[in-house]
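Subject: Structure for your review

Dear colleague,

Here is the structure, with the sequence alongside. My notes on its pockets and on one helix follow below.

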Amino acid sequence: RKGEVHTLLGENGAGKSTLMNVLFGLYQPTEGSIYIHGKKVRIDSPAQAVKQGIGMVHQHFMLVEAMTVLENIILGDRNTKGIFIDKDARRREIQKLADQYGLEVELDKPITEIAVGAQQRVEILKALYRGAELLVLDEPTGNLDIANEQLLMRLAKKAAQERHIAVLSSLHDLNQALSLGDRFFFLKDGVITCTVPRDGVTSGILRDALGGDLRLVEVEGERIVLHGRAT
């Protein structure tokens, strides 16, 4: 669903990161199918995922330390023709995008010289610059302080709403999930056991669903019925 932040919840080992790595082409699924815009696709590599409009920010960042911020973002640039690239034009485009979303980055700084929160902003900026229609965030708050956590959550919502993209984020913290998510998916042993929309959700409902006490029984449009209780 474009324009929404989808939050994936589950215990350690439930399969959240595995599912995300399958979507980004790092792992190949042993069963099941991936559909994008209603069309079945096979994603063999991260490069193929990017072409399909999927961007991912990994729990452990995938940045080239020997490069600057700008060089990391334009690496594999979709607009490159031949062996030449107009760095000045790319710089203006990237800076405009950074300003639009409050992604404060120093484009000429080496990756090794910027903080963890800034590295994450680089990863997000890279995904947005590459035209992601689905932005996948794997445990995005794990290495951040409170200020950067709040910045990240504002950014995710802003990107979903203003760029009209879908954001999929895995989280452990239920309070963060409530602050960020528009829709919640609960994963257990690799299976979605429950889906809950944001309206009317409480931390108690999330805890019950996370513990496996709730199951998806019936879907009536936007209405989800869990053991006879409408949410």
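The largest pocket holds about 1,100 Å³ of space; please keep in mind that this is a predicted model. Its lining is made up of 31 residues, and L19, L23, I34, L134 and L168 are the closest to the pocket centre. Two or more lining residues come from each of strand 1 (5-9), helix 1 (16-23), strand 2 (34-36), strand 6 (166-171) and strand 7 (183-188). Helix 1 gives the largest share, with 4 residues. By class, the lining of the largest pocket has 15 nonpolar, 11 polar and 5 charged residues.

The second largest pocket has about 310 Å³ of space. Of the 19 residues in its lining, those nearest the centre are F24, V50, M56, K126 and R130. The elements that supply two or more residues here are helix 2 (46-51), strand 4 (54-57) and helix 5 (116-129). The lining of the second largest pocket divides into 11 nonpolar, 5 polar and 3 charged residues.

Regards

Note on methods: Residues numbered from 1 in each chain as written. Predicted model: local features only at pLDDT ≥ 70, side-chain atom pairs only at ≥ 80, totals over all residues. Heavy atoms only, no water. 1 Å grid on protein atoms, 1.4 Å probe; cavity = no way out; pocket = protein on both sides within 12 Å on 5 of 7 lines; lining within 4 Å. Points joined across faces, edges and corners; volume = space filled by probe spheres on them. Nonpolar A, V, L, I, M, F, W, Y, C, P; charged D, E, K, R; others polar.
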